[in-house]
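Please look through the model below before reading my comments. I have set them out as numbered points, chain by chain.

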Amino acid sequence: MRFLFKTDYEDDIKLFPHSGYVFSYGLLLAVLLIAPYVLSSYLMSQLVFVCIYAIVGVGLLILTGFTGQASLGHAAFLAIGAYTAAYLQQFNVPFPVYFLTAGLLTGVVGALVGFPALRLQGIYLVIATISFAFIVEEILARWESVTHGNEGMRVKTLYFLGTAVPRDGPTFYYLCLAVLVLTIVGSLNLLRSPTGRAFVAIRDSETAARSMGINVSLYKVKSFAISAAITGLAGVLFAHKLSFISPEMFTLQLSIEFIIVILIGGAFSLHGAVLGAIFLVMIDPFLTYLKDDMPGVIAGLAATLGAGTERAAHIQDAVAAFASANGLKGAIYGIIIVLFVLFEPLGLYGRWLKIKLFFQVFPLYKRATFKRQKIYVKSERNR
Amino acid sequence: MLDFVQQLVSGIALGCVYGLIALGFVLVYKATEVVNFAQGDLMMLGGFFAFTFIGMLGLNYWLGFAGAVAAMALFGMLAERVVVRPILGYPQFSIIMATIGLGYFLRSVAGIIWGTDDFKIETPFSQGVLRIGGLVLAYDKLSVIAATIILCALLYLFFNRTTLGTAMRASSENMLAAYYMGIPVKRVVSIVWAISAAVATCAGVLLAPITFIHSNVGLVLGLKAFPAAVLGGFGSIPGAVVGGVLIGVIESMAGFYLPQGWKDVAPYIVLLAVLLLKPEGLFGLHVRKKV
Amino acid sequence: MSYFRAENLSLHFGGLKAVDAVSFAVEKGEILSIIGPNGAGKSSIFNLISRIYPPTSGRIFFEEQDITEQPAYDIAKLGIARTFQNIELFENATVLSNLLVGRHRHSTTQLWQELLFLPSVRATEKVHRRRVEQVIEFLDLEPYRDKLISGLPYGVRKVIELARALCSEPKLILLDEPSSGLNVEETDDMSFWIRDMRSDLGITVLMVEHDMTLVNRVSDRVIALNYGRVLAMGSPAEVQQHPDVVAAYLGA
């Protein structure tokens, strides 16, 4: 086990507590940088989606994880970012300009949503954000002069500094990765500053936050704006990656997926956003694997275990039928959510911390270290 | 004028269905302060059960109806036992997420079992209309309204007049204290889930003649019932029904008088407006945290 | 004129008069205790001062400034900090970040500077960190610096709440039952700290307290309250012998 001896106040402020962190994150970055030369184009494309989902995850974490304001409307912010990009692109606005404009505009919309949300708590806030997302979806479908309604909009290839950045190329991946890294660094900076601490204070006790001089309303609006702006930036990348956007892409389903990202990753740390994004995006390749390879594998297994050829073929068909059943993805989503809530409420990152601690203190690990405290329902209506 | 009344009645009928689903939301919320996002899907499942009993096995309508309600009550208890019980006492957000997961699962399984087609249940109210002057009112719509009133009254009496109802209200206020007072909190929660699944089934079966049953109907209607419950203040049984009716009427009026597209968003716009003016809903209580 | 002054302060909930035309003044550098039976309106007075409730009527002055209409978050900025009866800490954060929140009223950095963590932010953060360390030292909290609040025992949390209030470098501190839930030893420590706060840090103290030993030990003056009204005011000994106070406590 490593003991840290702090000799300077700087030690409590810096991002990497010790050299081990620099090494492991450096290694991770190196792996990510050479990924395009190693992975197949399909996996590269998934990796781009991981970046985009992770950016949204970071945005959502700031609002939900750190400020404690639930939102089931983040798909709408993503949509606003995406449509801003697609709209401005028609007038040959350069990428950096519409990228930042999209972030700014979404941030303003986020702040506007934040104002009415000030008086709302818990479940009322959830329904208000859902309503907001529905209204945005409907506006996108009806405001045909700008959004082309349900026909959707085509998004042209990205041009950056005069060169084309095709959506399947490694440069686009590097761009997404860079945005992700910058978002994470910015968020970490925020979290170690007064603003980030104010967010956490509001999450844990609004009364105490107020009595410590925190303007709760102002900081809630700030949190909404920052979260929305980050999601808007992700929206621009999302639009470019898909090269076509239409209102039905930005439904409640997508908002729920974003929540799943932070739930599965772990809603208490930025690591959670990235891990959750990896998990969520990789469900699709996993399903493809289930459909294509699983039946053969299981049939082979059955054959070696002594089942006849005919029997094995039968099993193969049965497994194939199951794996390609309509809506299997939904069932898998459902089971994953329930399992995580029941058995790993701290998410993947929480699991990682547990494993790490297990080896650090081996053989003295106590399961109770991470035991959740039951609080039971004391009416939250009295908040 | 006749158009208006016609629209009003069909709005009220639709609103009653929302109200019935919203009742389920409110029941679970009242007893456990959990918002059950799978409520609409329980309704969908109830509809499919009834369809299986009536349409596929050829049972009598009332028998099938009762069978579906009973089966769903059991299913509600099962869902509570498996998904909610282990996390009782943990933050609300966890339980809400668990019910979202449950909803996904139910939709998908229903899709796998019954397919993705639309189904219709033949009911005694499917045909026939009531004529009052020039007004034509379909029985199926009237049946929904009547059933809602009856169910609502029964539940209201149950909560306010019976010991079990009082126990439920107590455990919603403070679960631990209720437990110490000898209320079997776990069983109470289980019963609440059974009742809300049963109410959802009623909604599903009554709905069948108006809309078809398909695996996504729960999600679509659940998302309308949710604002209904919020509009009503999310803890009030009459509030849920009033909220449901309001949403139904707004929707049907917007569909008739406003340009296309308004129908789907009008309820949400009204909801946002109400929340802005009265953040605790129309019938909600606003109490402050004590420090 | 006095340092802090409440004039005819009232708080009515419907027919219930939680605080009924209470007037009192606190002198600079004084330790003033408010005592009274449960439900006498002691905490309500604190909640009025820190603007959790708006008063039904009456005015509050601090350093000759009318603060009755100030928003709640401005009260702290004026230099009035408080603790809570039932502890309102930020449960899922470390002790250090709890204390740093106490520094909030001194933070001057802008959002965009924080996003980039400019050298100016770094510099102010170090200042905050140093001040927090001084409070940690003052209250002997060194062993708990990096611990999460949710895992700490009640007595420690009570001290951390005091520490958080001190981190804001207040001029006036409101302590809501500082000794409730503490054992004899911890109460002893608390009484030393309260006196040190005044003598070393120059903070004026207004406190609500049930423990008469603590009240006698630290207070310069005492106000006795019952049913939202002032029964008696004066030195600890005077107030305790006042017939109305005796009656209120013994239920005559």
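The points below go from conventions to single chains, then to the contact between chains and to one residue.

1. This is a predicted model, in which local features need pLDDT of at least 70 and side-chain atom pairs count only at pLDDT 80 or more, while totals for chains, interfaces and linings use all residues. Residues are numbered from 1 along each chain as its sequence is written, and chains are lettered from A and ligands numbered from 1 in the order in which they are written.

2. Chain A contains 18 helices and four strands, where helices (H or I, at least four residues) and strands (E, at least two) are DSSP runs numbered from the N terminus. Its C-alpha trace spans about 75 × 65 × 45 Å along the principal axes. A compact globule of 383 residues would have a radius of gyration near 21 Å, and the 23 Å of chain A agrees with this; the radius is taken over C-alpha atoms, and the globule rule is 2.2 Å times the number of residues to the power 0.38.

3. Of the 383 residues of chain A, 44% count as buried, a term that requires 20 or more other C-beta atoms within 10 Å of the residue's own, whereas 12 or fewer make a residue exposed and values in between make it partly exposed, with C-beta atoms placed from the backbone. Among the contacts in chain A with a separation of 6 or more, 74% involve residues 24 or more positions apart; two residues are in contact if their C-beta atoms, placed from the backbone, lie within 7 Å.

4. Chain B has 11 helices and two strands, and along the sequence they follow the pattern α-α-α-α-β-β-α-α-α-α-α-α-α. Its C-alpha atoms fill a box of roughly 60 × 50 × 35 Å along the principal axes, and buried residues make up 53% of its 291 residues. The radius of gyration of chain B is 19 Å, in agreement with the value near 19 Å for a compact globule with 291 residues.

5. Chain C holds an open sheet of four strands in the order β2-β1-β4-β5, with antiparallel pairing; two strands pair if DSSP finds at least two bridges between them. Because β2 (16-26) and β5 (65-66) of chain C stand at the edges with a single partner strand each, one side of each is left without a neighbour in the sheet. Strand β1 (residues 4-13) of chain C pairs with β2(C) over seven bridges in the antiparallel sense, and F4(C) has V26(C) in β2(C) as its bridge partner.

6. D196(C) lies in helix α7 (residues 184-201) of chain C, and D196(C) counts as partly exposed because it has 13 C-beta neighbours inside 10 Å. The C-alpha atoms of D196(C) and F138(C) are separated by 9.2 Å, although these residues are 58 residues apart along the chain.
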